[in-house]
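Good morning, and thank you for coming.

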Amino acid sequence: MLRPLLTILAVLLVLLAGCGKKGPVQPLKQPLPAAPKELALRQMGTRFVLAWDIPKVNQNGTPLTDLKGFKVLRMRYDLAEDCPECRDTSVLLEEIDLDFLREVIRRGDRLYFWDTELKPDFGYKYTVVPYNRRNREGDPAQVRRPMLIPPFPPDRLAATAHDRLVRLAWEPAVEDRQGAGLLGYNLYRRTPGEAFPPRPLNREPLMNNAFEDFDVQNGTTYVYAVRTVVSIMDHPVESLLSNIAEAVPREGL
């Protein structure tokens, strides 16, 4: 009888000793958003358009369900003298709340943000930081490039309406600055009362100064403009918009 009792007491002592080694319960570390995907920077005239995909997961791979928005920071640097990797003087440019989008366009899961306060022949570095509803920041994404003097836009854009078709033609830009290689033209379309979208109708720059738009409906007014696209310092640069041309396709035209 005594031996089983001693055995039980010994087991209890071991269990109590093990429990004594445990510290206080630590709260689980909350995951933070992963970095934005496909961050890109394009020059359109005298503006930059910054675009990125909304992340779907946290840093640990779990689904991102509490994303609140993004902070966009900008740093300007001298192309000849500054080292953007050596020091960071970025300042907050915009805070984007996904529930109240302003100064930004959303197309599916991709966001487009325009920056207009720029000076030619300077470089600009952008940092996009996601943050969740607890205002905790996730991984940043960065991109940089120089702001260059844009080429001249095309001239005399004309739009001719037909049955479910609009034909467009324009005159090429006059000879531009040295060192700029022509990549082609980007064509943009909108309806009255809307802004031109951040992406052109064409997937790649058009090498001809003409285009046929079959993706139209009769009776709808379409507004067009075109930009010259050149390569400067290995960077594609778009011109300001050309003149605007309108067309209303109709049956029988």
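This is a predicted model: local features need pLDDT of at least 70, side-chain atom pairs count only at pLDDT 80 or more; totals for chains, interfaces and linings use all residues.

Let me begin with a term: two strands are said to pair if DSSP finds at least two bridges between them. With that in mind, consider strand S11, residues 181-190, and strand S13, residues 222-232, which pair in the antiparallel sense over nine bridges. Within this pairing, the bridge partner of Arg190 is Val223 in S13. Strand S11 is also mostly covered, since seven of its 10 residues are buried.

The mean pLDDT of the protein is 88, and 87% of its residues reach 70 or more. Please be careful with residues 23-27, where pLDDT stays under 50. For that stretch the model has zero contacts beyond four places in sequence.

In general, strands of a sheet pair through backbone hydrogen bonds, in either a parallel or an antiparallel manner. Here four strands are arranged in the order S4-S3-S7-S8, with antiparallel pairing. Which strands stand at the edges? They are S4 and strand S8 (141-147); each has a single partner strand, so one side of each is left without a neighbour in the sheet. From one strand to the next, the twist averages 20°. Looking at one of these pairings, S7 and S8 are joined in the antiparallel sense over seven bridges, and Tyr124 has Arg145 as its bridge partner in S8.

The next topic is charge. Side chains of opposite charge can pair when their charged atoms come close.

The side chains of Asp99 and Lys68 meet at 3.5 Å, N to O. This pair links distant parts of the chain, 31 residues apart: Asp99 is in the loop between strand S4 (91-97) and strand S5 (104-107), while Lys68 is in strand S3 (residues 67-78). Asp99 is partly exposed, with a relative accessible area of 42%. Moreover, a network of salt bridges links Lys68, Asp97, Asp99 and Arg133.

In another pair, the side chains of Lys125 and Asp88 form a salt bridge at 4.0 Å, N to O. Is Lys125 buried or exposed? Its relative accessibility is 7%, and buried means under 20%, so Lys125 counts as buried.

The remaining pair is Arg167 and Glu212, whose side chains meet at 2.7 Å, N to O. Because Arg167 lies in strand S10 (residues 165-171) and Glu212 in strand S12 (residues 210-213), the pair ties together parts that are 45 residues apart in sequence. Arg167 is partly exposed at 36% relative accessible area, and Glu212 also counts as partly exposed, at 37%.

Finally, I would draw your attention to a serine. Where is Ser239 found? Ser239 sits in the loop between strand S14 (235-238) and strand S15 (245-247). Its relative accessible area is 0%, so Ser239 is buried. Leaving aside neighbours within four places in sequence, Ser239 is in contact with several residues, including Met44, Gly45, Phe152, Arg227 and Thr228. Its contacts also include the prolines Pro150, Pro151, Pro153 and Pro154.

Thank you for your attention.

Terms used. Residues are numbered from 1 along each chain as its sequence is written. Side-chain values use heavy atoms; hydrogens and water are left out. Buried means under 20% relative accessible area, exposed over 50%, partly exposed in between (1.4 Å probe, protein chains only). Helices (H or I, at least four residues) and strands (E, at least two) are DSSP runs, numbered from the N terminus. Contact means heavy atoms within 4.5 Å. Axes are lines fitted to C-alpha atoms, for helices over the stretch in contact, and angles run from 0 to 180 degrees between N-to-C directions. pLDDT is the predictor's confidence in each residue, from 0 to 100.
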